[in-house]
Amino acid sequence: MAELEAAVAAGVLASEEAHRQLLQATVEVARGLFSAKASSVFLYDEETDELVFEAVAGEGADTLIGQRIPSSTGIAGWVLVTRQPIVLEDVTQDPRWGGGEIAEQTGYVPKGLMAVPLLHQEDPVGVLNVLDRPQEARFTLEEMELLGLFANQAAISLDLLRKARRARAVLEGSGSDLEALARLARSLDQLEGKEREAGIELLRSLESLLKR
Amino acid sequence: MSNAEPAPKRQLPAWSLPAGAAESLEVPTVWPSRVTREWAWGGSTGKGVRVCILDSGIELGHPLVGEIEGAVAVQVEDDEVNVVEDTEGDLCGHGTACAGIVRSIAPDCSLFSVRVLGAGFTGSGTALLGGLRWAVEQGFQIINMSLSTTKSQFAGMLHEVADAAYFRRTVLVASAHNMPVESYPWRFSSVISVGSHEEKEPVAFFYNPSPPVEFFARGVDVEVAWLGGGSARSTGNSFATPHMTAICALILGKHSELTPFQLKHLLYLTASNVVDEDG
């Protein structure tokens, strides 16, 4: 049973990184799809009731990850709370709009954005942003629907990441024994050929030793 | 019966119409045989109509919004809802944008802000429901709801409040969702649900015979009021909704006696794809 749990744990530890990559790929595609300067995903953090930048493509990619804003302020907060998508373009004269504090911190002040809620079943899990499209590109209802469809994919990525993190938290919370086993299984999984055979042999010896 | 003493009026807890009582059902508005937009809202500025913007607040003193009647914020603590005076204005700009759209079409209506944002996401469904309940109790003629919730646990309670509003002559104008998801309250038949069309004309709106969304109003590339006294161009059903709210305000400014049922019927008759004359 412990081996099975360890195997599951190893899967969890490995999948968090895979899910993060999937989410990153999602924002990269969103950016390309709409020819935008940047695209980002906010994850809703239930514990702190905040929105956290989880993946960023383009402008701000190196500085925004991990930045937090209150869950019901700014445009992203409005989108999360009201479940309504929005497009804003040519915002003028306003230093506070759309998470202006973040813009100040990064030095990147977007002129326009599209934002859609990421809904998993009936729960909003985050917000997908597409920032600064080409000036000549007018945003049509068709594009909003396209973004809505795309949001489903992003929501699933985000939900998988959330689940992997929760699973890891459970493992870590369950005591160091299981965590140690999970790491051992993961290490073993990374070995190949003779090294792997040796590793398995070592474990068998350890098992016999422990049984005595 | 005619020579006898009039029978004392009885208050029976039943919903029926006794013989001879039909004349007591007053329907004050006499509708013309051919309803026109001129008859529906010609000359109206929305004066005398109280419109509530249930949203992120309204920025005070914004030139595109002007004076507002008042502003409250809905706060949630341990599932308890408190409604307090709001001094923070608008927390993201959206409520101001909605207020500005209503003002641009119905310049003399009264605008009141009920802010349901700012309490954090966790309490947002409770704040939305609490804010809507409060607004219905205040007797606003129109409540603009450019928002919805996907939480089915709130659906039943929202439905009750929407029906209560309908019977109290408070019209709820609610944004349909731009995405293929279940959300509320726009799906209820007691509200006026609004999606977007792409035309430029502010009072162009269309009746949709294939509900749940019943009307389409202007919602693409709209010039709106934004924070800091500024403006922005925006797109979304949440901006189509205040266009419909404003048209309702114009109609109620001229025909204040209309029930929500009659108002919706008049919207149907004056919709751009139904009415047979220009505005």
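How many residues of chain A are in contact with chain B, and how many of chain B with chain A? That was my opening look-up, and I kept in mind that this is a predicted model.

**Entry 1: the interface**

I found 38 residues of chain A in contact with 42 residues of chain B. On the side of chain A that touches chain B, the elements giving two or more residues are helix H2 (74-82), strand S4 (86-89), strand S5 (113-120) and helix H4 (141-173) of chain A. H2(A) gives the most, with seven residues. I also noted the make-up of this side of chain A: 19 nonpolar, eleven polar and eight charged residues.

S4(A) pairs with strand S11 (residues 230-235) of chain B in the antiparallel sense, over three bridges. For A:Val87, I wrote down B:Thr235 as the bridge partner in S11(B).

**Entry 2: B:Leu147**

I went to the loop between strand S5 (142-145) and helix H4 (152-167) of chain B, where B:Leu147 is found. Is B:Leu147 buried or exposed? I counted 30 other C-beta atoms within 10 Å, and the cut-off for buried is 20 or more, so B:Leu147 is buried. Leaving aside neighbours within four places in sequence, its contacts are A:Thr82, A:Gln84, B:Asp55, B:Leu128 and B:Ser175. I also looked up B:Ala174: it is 27 residues from B:Leu147 in sequence, but the C-alpha atoms are 7.0 Å apart in space.

**Entry 3: the nonpolar core**

The largest nonpolar core has 129 residues, and B:Val102 and B:Ala249 have the most contacts inside it. Helix H5 (residues 237-254) of chain B gives the most to this core, with ten residues. I listed what B:Val102 touches beyond four places in sequence; among them are B:Val51, B:Leu111, B:Pro242, B:Ala246 and B:Ala249.

**Entry 4: strands and a helix of chain A**

Strand S6 (residues 123-131) of chain A is mostly covered, with eight of its nine residues buried. I traced its pairings. Strand S1 (residues 38-45) of chain A runs antiparallel to S6(A) and is joined to it by six bridges; here A:Ser39 stands opposite A:Val130. S5(A) also pairs with S6(A) in the antiparallel sense, over eight bridges, and A:Leu118 has A:Gly126 as its bridge partner. S5(A) and S6(A) form a hairpin with two residues between them, and A:Gln121 in the turn has a positive phi of about 50°.

For contrast, I turned to helix H6 (residues 193-211) of chain A. Of its 19 residues the number buried is zero, so H6(A) lies largely in the open. H6(A) reaches 27 Å from its first C-alpha to its last, close to the 27 Å expected.

Notes:
Residues numbered from 1 in each chain as written. Chains lettered and ligands numbered in written order. Predicted model: local features only at pLDDT ≥ 70, side-chain atom pairs only at ≥ 80, totals over all residues. Core = buried A, V, L, I, M, F, W, Y, C linked by C-beta atoms within 7 Å. Buried ≥ 20, exposed ≤ 12 C-beta atoms within 10 Å, placed from the backbone. Helix = DSSP H or I, 4+ residues; strand = E, 2+ residues; numbered from the N terminus. Contact = placed C-beta atoms within 7 Å. Nonpolar A, V, L, I, M, F, W, Y, C, P; charged D, E, K, R; others polar. Pairing = 2+ DSSP bridges. Expected span 1.5 Å × (residues − 1).
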